[in-house]
Amino acid sequence: KVIKESLVKNIEHILEYDKKNAVENFKQAGPALVFETILKLERKEFLNNSGGENKANGYYQRLARSINQYFQLNVPRDRLSEFKPVFLEAIKDYDSQ
């Protein structure tokens, strides 16, 4: 439910920002938006369960693949380098099949 609400909020932001080019912008940003929203929420949950010792520490870029396209993905990280996104591992496992 939280992922869905965050996705809706982010998609609404894209569509409101540039209504003239909204569809084209979403086609380009759509996969990255979905993946990055999931990764951000995953890090948030990880940090909430870390006991307050760890903090968010920006992002690193990774090339990701969606149906018929590649895109840059901003992967969240933490200060102690303990956050390992489960979602990225699931994507890797899926791609290797």
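**Aromatic rings in close-up**

**View 1. Phe-35, Phe-71 and Phe-87 form a cluster joined by ring pairs.** Rings of Phe, Tyr and Trp (its six-membered ring) pair if their centres lie within 6.5 Å. The structure, a predicted model, holds three aromatic pairs.

**View 2. Phe-35 and Phe-87 make an edge-to-face pair.** Their ring centres are 5.3 Å apart and their planes stand at 85 degrees, so the pair is edge-to-face (planes over 60 degrees apart; under 30 is stacked, the rest tilted). Phe-35 belongs to helix H2 (residues 22–48) and Phe-87 to helix H3 (residues 86–95), so the pair ties together parts 52 residues apart in sequence. Helices (H or I, at least four residues) and strands (E, at least two) are DSSP runs, numbered from the N terminus. Phe-35 is buried at 16% relative accessibility. Phe-87 is partly exposed at 22%. Buried means under 20% relative accessible area, exposed over 50%, partly exposed in between (1.4 Å probe, protein chains only).

**View 3. Phe-46 and Phe-83 make a tilted pair.** The ring centres lie 5.5 Å apart, with the planes at 50 degrees. Phe-46 is in helix H2; Phe-83 is in the loop between strand E2 (69–78) and H3, 37 residues apart. Phe-46 is partly exposed at 27% relative accessibility. Phe-83 is buried at 8%.

**View 4. Arg-43 places its charged end over the ring of Tyr-59.** The distance to the ring centre is 5.0 Å. A charge sits over a ring if NZ of Lys or CZ of Arg is within 6 Å of the ring centre and within 35 degrees of the ring normal.

**Notes.** Residues are numbered from 1 along each chain as its sequence is written, and side-chain values use heavy atoms, leaving out hydrogens and water. Local features need pLDDT of at least 70, and side-chain atom pairs count only at pLDDT 80 or more, while totals for chains, interfaces and linings use all residues.
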